[in-house]
Amino acid sequence: MKKQTDKRATRARAASGEAGFSLVELMVALGVTLVIMVVASRMLAMTMAVRTRENQRTESLADVQRSLQTMTREISNAGIGLSNNGLVDADSDADSIRVRSNLDAFCGASGGCDADTSDDGEDIVFAIINNNTGGDNQRLITRQDVSSGKISPLANRVDGLNFDYLKADGTTAATPSAADRVKITVTVVLPAVGTAGAPGYQPPTRTQLVSEGVLRNRLLKQ
(Lines give C-alpha, C1' and ligand atoms only; values in the text may rest on other atoms or scores of the structure.)
Protein backbone atom coordinates (compact mmCIF):
# COMPACT_ATOMS: atom_id res chain seq x y z
CA MET A 1 0.00 0.00 0.00
CA LYS A 2 2.85 2.34 0.88
CA LYS A 3 4.60 1.59 -2.44
CA GLN A 4 1.46 2.50 -4.40
CA THR A 5 1.16 5.79 -2.50
CA ASP A 6 4.81 6.61 -3.26
CA LYS A 7 4.27 5.87 -6.93
CA ARG A 8 1.22 8.14 -7.08
CA ALA A 9 3.16 10.95 -5.42
CA THR A 10 6.02 10.53 -7.87
CA ARG A 11 3.66 10.60 -10.84
CA ALA A 12 1.90 13.69 -9.41
CA ARG A 13 5.21 15.53 -9.02
CA ALA A 14 6.28 14.59 -12.55
CA ALA A 15 2.94 15.70 -14.00
CA SER A 16 3.18 18.95 -12.07
CA GLY A 17 6.67 19.65 -13.49
CA GLU A 18 5.59 18.96 -17.08
CA ALA A 19 2.56 21.29 -16.84
CA GLY A 20 4.60 24.52 -16.33
CA PHE A 21 7.44 26.43 -18.04
CA SER A 22 10.93 26.76 -16.83
CA LEU A 23 12.48 30.21 -16.44
CA VAL A 24 14.68 29.66 -19.50
CA GLU A 25 11.70 28.74 -21.65
CA LEU A 26 9.81 31.81 -20.47
CA MET A 27 12.74 34.11 -21.29
CA VAL A 28 13.08 32.59 -24.76
CA ALA A 29 9.36 33.09 -25.44
CA LEU A 30 9.52 36.70 -24.28
CA GLY A 31 12.56 37.32 -26.49
CA VAL A 32 10.86 35.90 -29.58
CA THR A 33 7.72 37.96 -28.88
CA LEU A 34 9.81 41.12 -28.51
CA VAL A 35 11.58 40.52 -31.82
CA ILE A 36 8.26 40.00 -33.59
CA MET A 37 6.86 43.23 -32.11
CA VAL A 38 9.93 45.23 -33.18
CA VAL A 39 9.75 43.89 -36.74
CA ALA A 40 6.01 44.56 -36.92
CA SER A 41 6.42 48.14 -35.65
CA ARG A 42 9.16 48.85 -38.23
CA MET A 43 6.96 47.52 -41.01
CA LEU A 44 4.03 49.63 -39.76
CA ALA A 45 6.23 52.75 -39.71
CA MET A 46 7.37 52.09 -43.27
CA THR A 47 3.79 51.56 -44.43
CA MET A 48 2.58 54.79 -42.82
CA ALA A 49 5.46 56.78 -44.35
CA VAL A 50 4.71 55.41 -47.83
CA ARG A 51 1.02 56.16 -47.41
CA THR A 52 1.73 59.73 -46.26
CA ARG A 53 3.98 60.36 -49.24
CA GLU A 54 1.49 58.92 -51.73
CA ASN A 55 -1.32 61.04 -50.26
CA GLN A 56 0.83 64.15 -50.65
CA ARG A 57 1.75 63.16 -54.18
CA THR A 58 -1.86 62.48 -55.18
CA GLU A 59 -3.12 65.79 -53.76
CA SER A 60 -0.30 67.82 -55.33
CA LEU A 61 -0.70 66.27 -58.77
CA ALA A 62 -4.48 66.68 -58.68
CA ASP A 63 -4.07 70.41 -57.87
CA VAL A 64 -1.54 70.84 -60.67
CA GLN A 65 -3.72 69.03 -63.21
CA ARG A 66 -6.67 71.27 -62.38
CA SER A 67 -4.51 74.39 -62.66
CA LEU A 68 -3.10 73.22 -66.00
CA GLN A 69 -6.62 72.72 -67.36
CA THR A 70 -7.62 76.22 -66.26
CA MET A 71 -4.51 77.87 -67.68
CA THR A 72 -4.64 75.93 -70.95
CA ARG A 73 -8.30 76.80 -71.51
CA GLU A 74 -7.88 80.52 -70.86
CA ILE A 75 -4.60 80.81 -72.74
CA SER A 76 -6.19 79.09 -75.74
CA ASN A 77 -8.87 81.80 -75.74
CA ALA A 78 -6.25 84.56 -75.93
CA GLY A 79 -6.86 87.12 -78.68
CA ILE A 80 -10.54 86.37 -79.26
CA GLY A 81 -12.16 89.56 -80.53
CA LEU A 82 -8.77 91.24 -80.90
CA SER A 83 -6.44 91.86 -83.83
CA ASN A 84 -3.48 90.18 -82.09
CA ASN A 85 -2.80 86.95 -80.24
CA GLY A 86 -3.81 88.44 -76.88
CA LEU A 87 -0.48 88.04 -75.09
CA VAL A 88 1.04 91.16 -73.52
CA ASP A 89 4.81 91.27 -74.05
CA ALA A 90 5.54 93.55 -71.09
CA ASP A 91 3.82 91.18 -68.64
CA SER A 92 4.66 87.81 -70.19
CA ASP A 93 7.91 85.95 -69.61
CA ALA A 94 9.10 82.50 -68.50
CA ASP A 95 7.49 82.82 -65.04
CA SER A 96 4.21 84.61 -65.78
CA ILE A 97 1.82 85.32 -68.62
CA ARG A 98 -0.82 87.95 -69.26
CA VAL A 99 -3.71 86.86 -71.47
CA ARG A 100 -6.25 89.25 -72.97
CA SER A 101 -9.41 88.43 -74.93
CA ASN A 102 -12.66 90.20 -75.73
CA LEU A 103 -15.18 87.51 -74.92
CA ASP A 104 -18.10 89.88 -75.59
CA ALA A 105 -16.96 90.84 -79.09
CA PHE A 106 -19.31 88.37 -80.78
CA CYS A 107 -22.70 88.70 -79.14
CA GLY A 108 -24.99 88.23 -82.12
CA ALA A 109 -28.35 89.99 -82.24
CA SER A 110 -28.79 89.99 -78.48
CA GLY A 111 -26.69 93.13 -78.04
CA GLY A 112 -24.25 93.83 -75.24
CA CYS A 113 -21.16 93.78 -77.43
CA ASP A 114 -18.13 95.81 -76.45
CA ALA A 115 -14.73 96.57 -77.90
CA ASP A 116 -12.54 96.30 -74.79
CA THR A 117 -11.16 93.69 -72.38
CA SER A 118 -12.34 95.28 -69.14
CA ASP A 119 -14.87 92.62 -68.16
CA ASP A 120 -14.12 89.85 -65.67
CA GLY A 121 -12.18 86.97 -67.20
CA GLU A 122 -10.94 88.98 -70.19
CA ASP A 123 -7.58 90.17 -68.82
CA ILE A 124 -5.83 87.46 -66.80
CA VAL A 125 -2.35 87.01 -65.35
CA PHE A 126 -1.04 83.58 -64.36
CA ALA A 127 2.08 83.52 -62.19
CA ILE A 128 3.89 81.67 -59.44
CA ILE A 129 4.43 83.42 -56.11
CA ASN A 130 6.03 82.62 -52.76
CA ASN A 131 3.61 82.22 -49.87
CA ASN A 132 5.15 82.56 -46.41
CA THR A 133 1.85 82.73 -44.54
CA GLY A 134 2.06 80.63 -41.40
CA GLY A 135 5.72 79.84 -42.10
CA ASP A 136 4.83 77.24 -44.73
CA ASN A 137 7.12 78.79 -47.37
CA GLN A 138 5.07 77.31 -50.21
CA ARG A 139 4.97 78.38 -53.83
CA LEU A 140 1.55 78.95 -55.36
CA ILE A 141 0.22 79.23 -58.91
CA THR A 142 -2.18 82.15 -58.95
CA ARG A 143 -4.76 83.57 -61.33
CA GLN A 144 -5.22 87.34 -61.20
CA ASP A 145 -8.13 89.12 -62.86
CA VAL A 146 -6.65 92.47 -63.85
CA SER A 147 -10.06 94.17 -64.18
CA SER A 148 -11.33 93.26 -60.71
CA GLY A 149 -7.96 92.81 -59.02
CA LYS A 150 -9.09 89.45 -57.62
CA ILE A 151 -6.31 86.89 -57.07
CA SER A 152 -7.17 83.20 -56.76
CA PRO A 153 -4.79 80.32 -55.92
CA LEU A 154 -4.87 77.49 -58.45
CA ALA A 155 -2.34 75.08 -56.96
CA ASN A 156 0.00 74.94 -53.98
CA ARG A 157 3.06 72.85 -53.14
CA VAL A 158 4.57 73.49 -56.56
CA ASP A 159 8.22 74.20 -57.19
CA GLY A 160 8.25 75.75 -60.64
CA LEU A 161 6.09 77.23 -63.40
CA ASN A 162 7.47 77.90 -66.86
CA PHE A 163 5.95 79.30 -70.06
CA ASP A 164 7.50 78.70 -73.49
CA TYR A 165 6.24 80.82 -76.40
CA LEU A 166 6.33 78.88 -79.64
CA LYS A 167 5.59 79.47 -83.30
CA ALA A 168 3.39 77.14 -85.34
CA ASP A 169 6.40 75.00 -86.33
CA GLY A 170 7.44 74.49 -82.71
CA THR A 171 10.40 76.88 -82.72
CA THR A 172 10.72 79.64 -80.14
CA ALA A 173 8.85 82.84 -80.96
CA ALA A 174 10.79 86.11 -80.87
CA THR A 175 8.25 87.62 -78.46
CA PRO A 176 5.10 86.36 -76.71
CA SER A 177 2.98 88.55 -79.01
CA ALA A 178 4.41 86.61 -81.98
CA ALA A 179 3.59 83.17 -80.55
CA ASP A 180 1.08 80.71 -81.94
CA ARG A 181 1.31 78.26 -79.06
CA VAL A 182 2.20 78.36 -75.37
CA LYS A 183 3.79 75.41 -73.60
CA ILE A 184 3.12 75.27 -69.85
CA THR A 185 5.41 73.25 -67.55
CA VAL A 186 4.72 72.81 -63.85
CA THR A 187 7.26 71.15 -61.54
CA VAL A 188 6.22 69.46 -58.31
CA VAL A 189 8.93 68.53 -55.78
CA LEU A 190 7.99 66.55 -52.68
CA PRO A 191 10.52 66.74 -49.83
CA ALA A 192 12.00 63.67 -48.20
CA VAL A 193 10.00 61.94 -45.47
CA GLY A 194 11.92 60.65 -42.48
CA THR A 195 15.67 60.23 -42.09
CA ALA A 196 17.89 58.49 -44.62
CA GLY A 197 18.62 54.93 -43.47
CA ALA A 198 15.74 54.92 -41.00
CA PRO A 199 12.63 52.74 -41.42
CA GLY A 200 10.03 54.29 -43.72
CA TYR A 201 12.41 56.84 -45.27
CA GLN A 202 11.09 58.25 -48.55
CA PRO A 203 13.56 60.22 -50.73
CA PRO A 204 12.54 63.50 -52.39
CA THR A 205 10.76 63.19 -55.73
CA ARG A 206 10.45 65.54 -58.70
CA THR A 207 7.57 65.40 -61.22
CA GLN A 208 6.88 67.60 -64.25
CA LEU A 209 3.49 68.04 -65.88
CA VAL A 210 3.21 69.68 -69.29
CA SER A 211 0.32 71.11 -71.26
CA GLU A 212 0.12 73.18 -74.43
CA GLY A 213 -2.41 75.78 -75.47
CA VAL A 214 -2.88 76.69 -79.13
CA LEU A 215 -3.91 80.33 -79.49
CA ARG A 216 -7.21 80.25 -81.38
CA ASN A 217 -6.83 83.77 -82.74
CA ARG A 218 -3.68 82.78 -84.64
CA LEU A 219 -5.90 81.56 -87.50
CA LEU A 220 -7.35 85.05 -87.87
CA LYS A 221 -3.88 86.50 -88.41
CA GLN A 222 -2.96 84.20 -91.30
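Biologist: How do I read the largest cavity here, and what is its volume?

Modeller: This is a predicted model, and its largest cavity has a volume of about 30 Å³. The structure holds one cavity of 30 Å³ or more.

Biologist: Which residues line the largest cavity?

Modeller: A lining is read as a list of residues, and then as a list of elements. The residues here are Arg-57, Leu-61, Val-188, Leu-190, Thr-205, Arg-206 and Thr-207. Helix H2 (23-76), strand S6 (181-190) and strand S7 (205-214) are the elements that each give two or more residues to this lining.

Biologist: Which element gives the largest share of the lining, and how does the lining divide by class?

Modeller: Strand S7 gives the largest share, with three residues. By class, the lining has three nonpolar, two polar and two charged residues.

Biologist: Take one residue of that lining. Where is Thr-207, and what does Thr-207 touch?

Modeller: Thr-207 sits in strand S7. Leaving out residues up to four places away in sequence, Thr-207 touches Arg-57, Leu-61, Val-186, Thr-187 and Val-188.

Biologist: Where is Leu-61, and which residues does Leu-61 touch?

Modeller: Leu-61 belongs to helix H2. With residues up to four places away in sequence left out, Leu-61 touches Val-188, Thr-207 and Leu-209. Leu-61 is also buried, because its relative accessible area is 18%.

Biologist: Next, salt bridges. What is the general idea, and how many are found in the whole structure?

Modeller: Side chains of opposite charge can pair when their charged atoms come close. A search of the whole structure finds five salt bridges.

Biologist: Which residue meets Asp-63 in a salt bridge, and how are the two placed?

Modeller: The partner is Arg-66, and the N to O distance is 2.4 Å. Both residues lie in helix H2, three residues apart, about one turn of the helix. Asp-63 counts as buried because its relative accessibility is 15%. Arg-66 has 48% relative accessibility, so Arg-66 counts as partly exposed.

Biologist: Which residues does Arg-98 meet in salt bridges?

Modeller: Arg-98 meets Asp-91 at 2.8 Å, N to O. Arg-98 also meets Asp-123 at 2.7 Å, N to O. Salt bridges that share partners join Asp-91, Arg-98 and Asp-123 into one network.

Biologist: Which of these three residues are buried, and which are partly exposed?

Modeller: Asp-123 has 5% relative accessibility, so Asp-123 counts as buried. Arg-98, at 18%, counts as buried. Asp-91, at 32%, counts as partly exposed.

Biologist: Last, the protein overall. What pattern does the protein follow along the sequence?

Modeller: The protein has three helices and seven strands. Read along the sequence, the pattern is α-α-β-β-β-β-β-β-β-α.

Biologist: What percentage of the residues count as buried, and how much area does the protein expose?

Modeller: Of the 222 residues, 33% count as buried. The protein exposes about 13600 Å², and carbon and sulfur atoms supply 56% of that area. For contacts with a separation of 6 or more, residues 24 or more positions apart account for 53%.

Conventions:
Residues are numbered from 1 along each chain as its sequence is written. This is a predicted model: local features need pLDDT of at least 70, side-chain atom pairs count only at pLDDT 80 or more; totals for chains, interfaces and linings use all residues. Side-chain values use heavy atoms; hydrogens and water are left out. Helices (H or I, at least four residues) and strands (E, at least two) are DSSP runs, numbered from the N terminus. Buried means under 20% relative accessible area, exposed over 50%, partly exposed in between (1.4 Å probe, protein chains only). Contact means heavy atoms within 4.5 Å. Accessible areas come from the Shrake-Rupley method with a 1.4 Å probe; for residues, only the protein chains shown count as cover. On a 1 Å grid over the protein atoms alone, a cavity is a set of points where a 1.4 Å probe fits but cannot get out, and a pocket is an open set with protein on both sides within 12 Å along at least five of seven lines; lining residues have an atom within 4 Å of a point. Grid points are joined across faces, edges and corners, and a volume is the space filled by probe spheres set on the points. Ala, Val, Leu, Ile, Met, Phe, Trp, Tyr, Cys and Pro count as nonpolar, Asp, Glu, Lys and Arg as charged, and the others, Gly among them, as polar. A salt bridge is a side-chain nitrogen of Lys or Arg within 4 Å of a carboxyl oxygen of Asp or Glu.
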